[in-house]
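Colleague: I am new to this structure and would like to learn how to read it. Could you walk me through its features, one at a time?

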Amino acid sequence: MKNIIFYFQRNNNFSKGINDDDDDDKYAVEEAEFDSNTEDLSNIDQRIYPREILTDQDDPSLYPSSGASNLNDEANGTHTDSVYLHQCIRRRPSEDCHFPDARFTFFPDKKQEDVIKILLKAQAEMDKIWSNIDKRYTKITITPKIRPQMIREFKREYDSYLSKEYPTQVKSVKDALLILRKSSFGILILNTKNQILAVQNYQGTWSAPKGHPKYKDDGTLEIPSETVSRESCEELLITCKRNKRKLTINKDNLDHFFGLNNDNFLECRFNDRPGTNDGLRQIGLFVVRVDETKWTFSLKDNKENRACEWLNIADIVRNKPEVGRDIYYTLRPFAQYLKDNPMP
């Protein structure tokens, strides 16, 4: 399977992102929810990516190195000595929703339709467990100590489910689902003051609202715009004023109102999270601009993130520590790109 990718010059202007027609009536921040404990995912890369991604996106020249780092990662605050922090590029996202064939290699003795059912069922159980955990913590104040506790509960309950449901295939199920967690898609919202909307997790790190793609009930994979619509509305309460009315944006109309444009898509690759062996991660963000006097954004709850604010691009780019925690770890490359390539 080959995805055809088109690359654009860095000085191209962004086209209009928001749909202003008058007749128009959750993991923002990546967290290690579970570990494979089975296989270094860099080895899985070797089995998966040559078959799935046959494009120029792995060309090192497209991701020039910015040198060594001595920083802490956004997800768990642990130390990293990553040697390559990649720069942001502009490209069109893939719209291939075909269930990745390489996932079937984890289940050599299973029919394809059975593999799809297994992964959909395991994915649904993940959502169910998180929903139950959220309910248990409804009346509890979430803190930097409580959030990791919630993640530990999830890991324990999910591992228990897999051990009972697929006692001989725990490794295969985990590895197949972990591949999806190597990619995140989100939205980079700019206001008229050229500020970026960002969410802050309980480790103090800021990022764009984003999340991982999911398998859909029909056996296909979400395309980036579908992931963005679902994740943004799970995470944020978004409203806009139109014709003297206040409209609430949902996953079914977000693409329409924001006008997610494949030509306004930025991507950056990051090194693995320390201690997880999950290989390179990629984050892709659709860029849109809004009038902050007409649009409002707030967290739907504080279970995953604790703040949602407008941040200055210059502050994000400038605040780059030599050591210690980097609170703009995954946000800075996108901010730098927008600083160098202003959006009209």
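Modeller: Gladly, and let us begin with the inside. A nonpolar core is a set of buried Ala, Val, Leu, Ile, Met, Phe, Trp, Tyr and Cys residues joined through side-chain atoms within 4.5 Å; buried means under 20% relative accessible area, exposed over 50%, and partly exposed in between, using a 1.4 Å probe and protein chains only. Here the largest nonpolar core has 33 residues, and Leu119, Tyr158, Leu162, Val173, Leu177 and Tyr215 touch the most other members. At least two residues of this core come from each of H2, helix H3 (146–165) and helix H4 (170–180). H2 gives the most, with ten residues.

This is a predicted model, where local features need pLDDT of at least 70, side-chain atom pairs count only at pLDDT 80 or more, and totals for chains, interfaces and linings use all residues. Residues are numbered from 1 along each chain as its sequence is written, and side-chain values use heavy atoms, leaving out hydrogens and water.

Colleague: How are the helices and strands defined? And which residues does leucine 119 touch?

Modeller: They are DSSP runs numbered from the N terminus, helices being H or I with at least four residues and strands E with at least two. Contact means heavy atoms within 4.5 Å. Setting aside residues up to four places away in sequence, leucine 119 touches Phe99, Phe107, Val173, Ala176, Leu177 and Tyr215. Another core lies apart from this one, with 26 residues, among them Cys268, Ile283, Ile313 and Leu331.

Colleague: Now the charged residues. How many salt bridges are there?

Modeller: In general, side chains of opposite charge can pair when their charged atoms come close. The rule for a salt bridge is a side-chain nitrogen of Lys or Arg within 4 Å of a carboxyl oxygen of Asp or Glu, and the count comes to 14. One of them joins aspartate 263 and arginine 92, at 2.5 Å from N to O. These partners are 171 residues apart, with aspartate 263 in the loop between helix H6 (254–258) and strand S10 (265–270), and arginine 92 in the loop between strand S3 (89–90) and helix H2 (112–136).

Colleague: Is arginine 230 buried or exposed, and what is its partner in a salt bridge?

Modeller: Arginine 230 counts as buried because its relative accessibility is 10%. Its partner is glutamate 234, with the closest N and O atoms 3.7 Å apart. Both sit in helix H5, four residues apart, so about one helical turn separates them. Shared partners join Glu222, Arg230, Glu231 and Glu234 into one network of salt bridges.
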